[in-house]
Amino acid sequence: MPLSKSVSRRQALSYLLGGGVALALAGGATSARARSLVKPWPSQRAVPALALPDLQGQPRQLAQWRGKVVVLNFWASWCEPCVAEMPSLLRLAEASAEHGVVVAAANYQESEGKVRSFLDTVLGEVPERLVVLLDRDGAAARAWTPRVFPSTVVIDRQGRGRWIVVGEMDWSGKEARALIDPLV
């Protein structure tokens, strides 16, 4: 299915459900492909505030990315699906930055040293294009997610939540494109 800016949220969700991606956590899906649950962000729910330091100690806020699509991922180094997903988040960050997409990865309650070591091991570096945030007390993860890792929220250019993805996704694959491309 070719994607264009005319793909509706309903069409994108239907496409994802048809592909078997969204049913894993909804009741015993057995397919190896079904590793995430994709659902629309609740329309009545405002996005929570986000103010976290990055790895350089600089404060980052969601408001600074207004006008861009934000892919906000919550992860931990002890989470095996997070480890598997991280390289695809980096690929997304590198491929989509010029299209107005920011990929931010908020680590859940681990030290800066642990996060840096993880990134060096898994990615071979601390990446430039991927914004790595430190959720030291876990308050951001509690506010944004069902506290299942990884969880990712896709936020549109107006700062509204559009999708929440619970579980591992290939962020460089067609399922992710179905979520992001219509917002770009």
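Student: Where does H99 lie?
Tutor: H99 is in the loop between α2 and β5. Before we go on, this is a predicted model, where local features need pLDDT of at least 70 and side-chain atom pairs count only at pLDDT 80 or more, while totals for chains, interfaces and linings use all residues. Residues are numbered from 1 along each chain as its sequence is written, and side-chain values use heavy atoms, with hydrogens and water left out.

Student: How do you decide what's a helix or a strand?
Tutor: They're DSSP runs, numbered from the N terminus: helices are H or I with at least four residues, strands are E with at least two.

Student: OK, α2 next. How many residues does it have?
Tutor: Helix α2 has 17 residues, 80-96, and reaches 25 Å from its first C-alpha to its last, close to the 24 Å expected at 1.5 Å a residue. That expected span is 1.5 Å times one less than the number of residues.

Student: Where's the kink in α2?
Tutor: At M86, shortly before the proline P87, and about 35 degrees. The bend is the angle between axes fitted to the seven residues ending there and the seven starting there.

Student: Which residues of α2 are buried?
Tutor: Among them are C82, E85, M86, L89 and L92. The buried residues of α2 pack against several elements, including α3 (112-123) and α5 (174-180).

Student: Changing topic: what's the strand order in the sheet?
Tutor: Six strands make an open sheet, β1-β8-β7-β4-β5-β6, with mixed pairing. Two strands pair if DSSP finds at least two bridges between them. β1 (36-40) and β6 (131-135) are at the edges with a single partner strand each, so one side of each has no neighbour in the sheet. Neighbouring strands are turned by 20 degrees against each other on average, direction ignored.

Student: How does α2 sit on that sheet?
Tutor: α2 packs on the sheet and touches β4, β5, β7 and β8, with its direction at about 160 degrees to that of β4. Axes here are lines fitted to C-alpha atoms, for helices over the stretch in contact, and angles run from 0 to 180 degrees between N-to-C directions.

Student: What about β8, how many of its residues are buried?
Tutor: Seven of the seven, so β8 is largely enclosed by the rest of the structure. β8 runs antiparallel to β1, joined by five bridges, and P40 stands opposite W163 there. β7 and β8 also run antiparallel, with five bridges.

Student: Which residue does the R162 side chain make a polar contact with?
Tutor: D156, through its side chain, at 3.3 Å. A polar contact is a pair of N or O atoms within 3.5 Å; within protein, one must be able to donate a hydrogen and the other to accept it, and residues adjacent in sequence count only if both atoms are side-chain atoms. R162 is in strand β8 and is buried, with a relative accessible area of 16%.

Notes. Buried < 20%, exposed > 50% of the residue type's maximum accessible area, 1.4 Å probe, protein only. Contact = heavy atoms within 4.5 Å.
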